[in-house]
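Here's a walk through some strands, sheets and helix contacts, written for someone who likes the cut-offs spelled out. Have the coordinates open and follow along.

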Protein chains: 2
Amino acid sequence: MVTMKDVGREAGVSAMTVSNVLRGNNNVAPQTAERVRAAADKLHYRLNTTSLSARSLRVSTSRNNTQRGTIGLAIFELDRPYPAQLASLISQAAEEHGFQTVVQQTRISESNERSIIERVSNQFCDGLLFSSSRLAADEIEQLSNHRPTVLLDDDRPQQDIDTILTPCEQGAQAAIEYLYHSGRRRIGIVGEDLKNSEFVDNEHDVRHRRMTGCRAACDKLGIRWGDIRIIPTQWTDTAAREAVHEYESTIRDCDALFCMTDTIAFGTIRGLKDIGLDVPNDVAVMGFDGIEMGETMVPSLTTIAVDIKQIADKAVDLLIKRINDQDGHEALPHQRIVADFHIAQRESA
Amino acid sequence: MVTMKDVGREAGVSAMTVSNVLRGNNNVAPQTAERVRAAADKLHYRLNTTSLSARSLRVSTSRNNTQRGTIGLAIFELDRPYPAQLASLISQAAEEHGFQTVVQQTRISESNERSIIERVSNQFCDGLLFSSSRLAADEIEQLSNHRPTVLLDDDRPQQDIDTILTPCEQGAQAAIEYLYHSGRRRIGIVGEDLKNSEFVDNEHDVRHRRMTGCRAACDKLGIRWGDIRIIPTQWTDTAAREAVHEYESTIRDCDALFCMTDTIAFGTIRGLKDIGLDVPNDVAVMGFDGIEMGETMVPSLTTIAVDIKQIADKAVDLLIKRINDQDGHEALPHQRIVADFHIAQRESA
DNA sequence: TTGAAAGCGCTAACAT
DNA sequence: ATGTTAGCGCTTTCAA
């Protein structure tokens with residue numbers, strides 16, 4: 001690495017003069033400055049910014065105004081539409097505040113999450129955004145050395161921490177009611193995943209919360225919960241498609257299916273086509289999330305369209321507030337925000 | 001800011017002992033270590049990594065044994081299937097080598113890319129993966145302080161740098177030939193984007209390379225290039241759908257459409273449905289990329305299925321080799337690798 | 001098992 | 001106009 005000392009030696013001046021020249025201080029003789037610039041150029045000198053910050057921590061000079069922060073986002077999957085869209089929107093929201101976002105994939109593994117915090121977030125992020133974390137809030141608190149943190153869709157009752165939630169109960173309830181009011185009476189739910197109980201470790205899980213909404217709808221509408229058909233599947237399109245095949249007889253008994261995510265709905269519609277059922281004539285299909293793809297697909301997807309941009313914006317706003325108020329002067333109480341949604345009424349239901 | 005000195009004072013030891021405890025060096029008495037940890041916790045101590053790197057620039061010894069590396073991936077969009085899948089696979093490949101991946105979205109903006117390198121990658125990444133970069137290789141080289149870098153899908157002829165490419169020419173040629181050999185004679189191409197020429201600044205652009213493949217196929221098959229219909233559109237599903245509407249008369253003149261990406265094909269199929277054309281009976285549709293969604297959609301998408309996993313694996317392998325051989329002892333020549341593909345023959349063509 | 005000293009690259013403050 | 005000194009928070013080295 002080429003240092004200012006090296007450049008100084010080449011130009012026959014001290015490192016200090018090099019520093020002055022390179023920062024445009026006008027207390028250097030023009031011809032000296034020219035010599036220094038030539039030397040820097042020749043040696044391919046680059047300012048080492050890390051050493052800069054060591055000083056600027058205390059000094060907080062002009063340079064600190066330009067240097068903005070970094071947000072770490074830990075998300076369970078990068079290659080599914082919902083988390084991908086969320087990550088993209090968060091990245092943009094942060095950018096508008098002058099923050100850079102670094103995204104990391106957890107694959108819903110605790111050890112991955114630990115590694116992310118310890119090896120990356122902890123090293124250089126000013127704040128953390130954790131989507132569907134497996135870690136308890138106090139462990140995050142510990143591992144992250146008390147960095148500002150906002151959780152996404154983690155509704156476990158924990159000690160003070162900010163969290164932003166998708167409207168699981170409300171949305172699921174609205175979906176069932178929508179199907180019912182459009183005249184459907186033999187309703188099925190695709191997406192409970194009892195086989196995969198390792199991921200369902202508490203009743204505050206997204207899955208459970210959506211199920212709770214379904215039950216609430218049934219109670220309200222006077223449907224016996226036992227009459228609802230449940231089609232279990234993992235939360236991917238291919239698994240959902242296979243589930244439709246596997247549970248064909250159950251499916252054929254339904255005139256409407258509520259899928260716990262849009263991705264599941266996507267696979268479900270494909271599965272229905274495979275077994276010769278028409279959407280929405282034979283079976284109405286409804287999703288949950290409101291991913292962009294739902295509008296383009298054939299048939300277009302009626303769904304609980306969560307305001308994903310709102311989630312991104314609020315998460316970033318809140319996190320940046322926490323970052324700027326590290327010492328808790330303002331003592332904003334910890335928030336629990338539930339995002340808005342609307343029913344995107346399209347072709348599939 | 002709380003420093004090691006502060007923690008040391010609290011625990012009644014020197015800063016050095018604090019450093020040893022916090023890095024897990026086992027040359028500290030257990031009860032002393034415990035006291036130090038308690039003090040650090042109490043004071044909410046945070047390691048200041050900026051000062052770290054100043055030293056480790058030169059030293060890079062023990063840190064590297066225990067701590068594995070970090071790869072920075074800069075990618076143009078997070079919420080489109082192809083880049084999302086690529087990012088996910090790269091992240092997994094890196095994980096298998098014990099590397100953590102941090103993903104950042106460039107939105108194809110030069111200033112974003114600069115900011116990513118300067119503010120993040122440069123600070124703590126051992127190597128960089130740049131997908132469809134707008135920056136010239138030598139600028140990356142400069143900005144990154146000569147960190148190991150592998151480019152993805154950037155075929156500009158540049159001074160020595162590794163690059164991994166999608167098989168644009170070969171794949172596009174194969175697509176046109178496939179359509180021709182299945183009996184289609186009125187072929188259209190969806191996805192040239194002449195309006196958006198700011199992004200087409202050189203003939204080594206992915207767009208141009210795919211077009212080149214199409215021309216090669218025409219030459220080989222004896223089709224006059226002028227007979228090929230071109231439907232311009234931006235590379236998103238919604239834009240493609242609108243393009244179908246806008247160019248309806250051109251479209252109705254076609255019996256086959258080659259779309260420059262799967263996402264475009266997705267929107268195109270929707271657009272065709274809108275104007276009452278059946279896929280594949282009225283119009284065959286073929287895509288390019290091989291994203292997973294293509295298999296599930298209705299109709300399932302015949303496409304040039306690029307071996308995305310291969311791209312991810314090779315990129316990560318190569319980058320890690322470069323990282324481990326920083327001083328160029330082995331002098332592996334710079335690579336230009338073109339990924340494999342196959343034709344995924346499905347319903348749409 | 002512990003800590004003192006030196007120094008990483010850079011710059012503010014103070015000489016010369 | 002130029003250079004010297006000191007010190008940012010941390011770690012390596014080496015002495016106690």
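In chain B, strand β8 (residues 256-259) runs parallel to β9(B), and 3 bridges join the two. Two strands count as paired if DSSP finds at least two bridges between them. Helices (H or I, at least four residues) and strands (E, at least two) are DSSP runs, numbered from the N terminus. Within this pairing, B:Leu257 sits opposite B:Val285 of β9(B).

Some housekeeping: this is a predicted model, where local features need pLDDT of at least 70 and side-chain atom pairs count only at pLDDT 80 or more, while totals for chains, interfaces and linings use all residues. Residues are numbered from 1 along each chain as its sequence is written, chains are lettered from A and ligands numbered from 1 in the order in which they are written, and side-chain values use heavy atoms, with hydrogens and water left out.

**Strand β9 and its sheet in chain B**

How many residues of β9(B) (residues 284-289) are buried? 6 of its 6 are, with buried meaning under 20% relative accessible area, exposed over 50%, and partly exposed in between (1.4 Å probe, protein chains only). B:Ala284, B:Met286 and B:Phe288 point one way from the strand, and B:Val285, B:Gly287 and B:Asp289 point the other way.

β9(B) also pairs with β10 (residues 302-306) of chain B, again in the parallel sense, over 4 bridges. There, B:Gly287 faces B:Thr303.

Zooming out, chain B has an open sheet of 6 strands in the order β7-β6-β8-β9-β10-β12, with mixed pairing. Its edge strands are β7 (229-231) and β12 (341-344) of chain B, each pairing on one side only. Ignoring direction, neighbouring strands of this sheet are turned by 20° against each other on average. Helix α9 (residues 168-181) of chain B packs on the sheet and touches β6 (187-190), β8, β9, β10 and β12 of chain B; the helix direction makes about 165° with that of β9(B). Contact here means heavy atoms within 4.5 Å. For angles, axes are lines fitted to C-alpha atoms, for helices over the stretch in contact, and values run from 0 to 180 degrees between N-to-C directions.

**The sheet in chain A**

Chain A has an open sheet of 6 strands in the order β7-β6-β8-β9-β10-β12, and the pairing is mixed. β7 (229-231) and β12 (341-344) of chain A are the edges, each with pairing on one side only. The twist averages 20° from one strand to the next. Inside this sheet, β6 (residues 187-190) and β8 (residues 256-259) of chain A pair in the parallel sense over 4 bridges, and A:Ile189 has A:Phe258 as its bridge partner in β8(A). Helix α9 (residues 168-181) of chain A packs on the sheet, touching β6, β8, β9 (284-289), β10 (302-306) and β12 of chain A, and its direction makes about 165° with that of β9(A).

**Around β5 of chain B**

Strand β5 (residues 162-165) of chain B has B:Asp162 and B:Ile164 pointing one way, B:Thr163 and B:Leu165 the other, and all are buried.

| Partner strand | Sense | Bridges | A bridge pair |
|---|---|---|---|
| β4(B), residues 149-152 | parallel | 3 | B:Val150 with B:Asp162 |
| β11(B), residues 336-338 | parallel | 3 | B:Thr163 with B:Arg336 |

In chain A, the axes of helix α2 (residues 15-22) and helix α3 (residues 30-43) come within 10 Å and cross at roughly 95°. That makes α2(A) roughly perpendicular to α3(A); the classes are under 35 degrees for roughly parallel, over 145 for roughly antiparallel, 65 to 115 for roughly perpendicular, and oblique for the rest. On the α2(A) side the contact uses A:Thr17, A:Val18, A:Val21 and A:Leu22, which meet A:Thr32, A:Ala33, A:Val36 and A:Arg37 of α3(A). By class, these residues divide into 5 nonpolar, 2 polar and 1 charged. Ala, Val, Leu, Ile, Met, Phe, Trp, Tyr, Cys and Pro count as nonpolar, Asp, Glu, Lys and Arg as charged, and the others, Gly among them, as polar.

**A threonine facing chain A**

B:Thr296 belongs to helix α14 (residues 293-296) of chain B. Buried or exposed, at 1% relative accessibility? B:Thr296 counts as buried. The B:Thr296 side chain makes a polar contact with the side chain of A:Asp237 at 3.2 Å. A polar contact is a pair of N or O atoms within 3.5 Å; within protein, one must be able to donate a hydrogen and the other to accept it, and residues adjacent in sequence count only if both atoms are side-chain atoms. Leaving aside neighbours within four places in sequence, B:Thr296 is in contact with A:Asp237, A:Thr238, A:Arg241, A:Phe266, A:Gly267 and A:Arg270.
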